[in-house]
Amino acid sequence: MAVRLARLVLLLFLFANLTGCWDLREAEQTAIVVGFGIDRREDGAIQLVVQTVRPQTVGAAGGGGGSDQPSYHNWYATGATLFDAVRNLALQCPNQFFWSHNQVIIISERLARQGVREVLDFLERDPEFKQSTWLLVARQQSIADILEAGESNRQPPAKALADIINLRQRVAKYAVVNLGDFYQLLESPGQEPHTAGVTFFEGIMKPKEQIAKTVAQASKIFEQHVIDTAVFRGDRLVGWLNPTESRGLLWIKGEVQEGLVVTSYQNKKIVFEILHSTAKIKPQVLDGRLVIKIDIKTHCNLAEASPGIYKLDEAVKKQLEQLVAAQIKQEVMAAVSRCQELNSDAPGFAGAVHRSMPGTWQQGLAEQWPEMFPQLAVQVTVQPVIQGLGLTTTSLNPGQKYR
């Protein structure tokens with residue numbers, strides 16, 4: 001009996017000491033990373049800006065003490081490589097950095113034009129860096145300034161950037177990818193990488209202490225702006241697509257699921273809300289020449305019509321659908337022309353040719369592609385469907401009778 005009791009006590013002792021997580025990190029000893037930026041100095045060293053969440057003090061959530069402190073802290077480090085710079089953060093921060101909650105990675109335009117493969121190698125190997133993290137390029141701006149921009153201290157600027165990107169479908173004016181997708185594009189023989197740019201501008205938001213002053217007198221706060229699309233050739237940035245060209249690229253990839261099409265009818269503005277779209281790339285050989293055909297289908301609703309548009313019957317709907325098709329085609333061709341000018345196959349035409357004509361691709365077309373792509377013939381077909389006109393079949397015309 002005594003032996004069995006001793007065994008039971010021993011088992012209870014072992015269970016008590018085996019509970020818990022082997023990799024447990026205490027919150028007060030952890031610096032939670034929400035965003036960071038990577039730049040290369042003129043001497044070749046890697047410069048790192050890491051943004052961590054500042055723990056709330058007691059009473060901060062309820063508007064008490066500590067509420068005026070920023071919700072984040074930026075750490076700076078340099079090193080011969082990215083990993084070296086990350087380890088050098090320990091020279092100034094007493095806590096261990098926790099990277100799994102990171103929201104965005106920002107690469108400077110200077111580094112992007114020099115090539116990103118070297119710094120991305122470490123991010124791909126280390127399991128703490130999530131593949132779903134958004135990747136951005138700082139367009140002609142300091143990463144440190146971007147990670148300081150924001151209207152208030154309520155949330156870290158890196159988190160605000162992630163929130164902006166999560167609403168990207170509402171405007172569809174830049175093509176952003178996450179870290180994992182960028183890796184795939186970089187390693188794919190049939191498509192060049194691309195992602196969105198980020199900058200900041202001087203806003204008119206006023207600090208609380210200057211709320212009584214006029215807008216002109218108040219010190220302005222820099223606001224973040226996710227805009228344009230960075231286009232690569234291999235791992236090097238070669239140029240930018242503006243918002244129109246960026247949406248053209250999204251049309252080609254079938255990634256325009258929301259947004260607006262603004263066009264003119266009878267010299268009056270008319271606006272359509274995009275509901276969804278699909279796209280197919282069909283390479284064909286016509287008269288011995290390779291032609292890329294792009295078929296786009298989209299559904300939309302009439303959202304706005306300028307005063308003076310009295311009748312919107314079926315005949316008018318057909319005319320409006322033609323206007324929508326022409327606008328979308330114009331955006332697509334703007335993207336194609338710009339990518340051909342940069343000789344960057346961001347639309348992925350090579351991949352489409354490889355999939356549909358694998359034999360032809362392997363028999364020398366792959367080697368000729370850098371010379372063929374800038375001169376490639378592209379044909380665009382758009383099939384829009386206007387599903388609804390809203391709650392009225394005419395525009396608002398105060399004091400006028402409907403015709």
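Strand β13, residues 289-305, pairs with β14 in the parallel sense, and eleven bridges join the two. One of the pairs to look for is I294 with its bridge partner V380 in β14. Please keep in mind that this is a predicted model.

Which sheet do these strands belong to? They sit in an open sheet of four strands, in the order β11-β12-β13-β14, with mixed pairing. At the edges are β11, residues 260-265, and β14, residues 377-388, each of which pairs on one side only. On average, neighbouring strands in this sheet are turned by 40° against each other, direction ignored. Helix α10, residues 349-356, packs on the sheet and touches β12, β13 and β14. The direction of α10 makes about 45° with that of β12, which covers residues 268-286.

Now to a pair of helices. Two packed helices are described by the angle between their axes and the distance between the axes. For helix α8, residues 243-253, and helix α9, residues 314-342, the axes come within 7 Å and cross at roughly 100°. Angles of 65 to 115 degrees count as roughly perpendicular, so α8 is roughly perpendicular to α9. Which residues meet there? From α8 they are T244, E245, R247, G248, L249, W251 and I252, and from α9 they are I328, E331, V332, A334, A335, V336 and R338. Sorted by class, this contact has eight nonpolar, two polar and four charged residues.

Next, strand β5, residues 104-108. Is β5 mostly covered or mostly open? It is mostly covered, with five of its five residues buried. V104, I106 and S108 lie on one side of β5, I105 and I107 lie on the other, and all of them are buried.

β5 also has strand partners. Strand β1, residues 30-40, pairs with β5 in the parallel sense over four bridges. There, G35 has V104 of β5 as its bridge partner. Strand β6, residues 134-138, runs parallel to β5, and five bridges join them.

Finally, the chain as a whole. Its secondary structure comes to eleven helices and 14 strands. There are 403 residues, and 45% of them count as buried. The chain exposes about 21900 Å², of which carbon and sulfur atoms supply 52%. Among contacts with a separation of 6 or more, 70% are between residues 24 or more positions apart.

Notes
Residues numbered from 1 in each chain as written. Predicted model: local features only at pLDDT ≥ 70, side-chain atom pairs only at ≥ 80, totals over all residues. Heavy atoms only, no water. Buried < 20%, exposed > 50% of the residue type's maximum accessible area, 1.4 Å probe, protein only. Contact = heavy atoms within 4.5 Å. Areas by Shrake-Rupley, 256 points an atom, 1.4 Å probe, with all protein chains shown as cover. Pairing = 2+ DSSP bridges. Axes fitted to C-alpha atoms, helices over the stretch in contact; angles between N-to-C directions. Parallel < 35°, antiparallel > 145°, perpendicular 65-115°, else oblique. Nonpolar A, V, L, I, M, F, W, Y, C, P; charged D, E, K, R; others polar.
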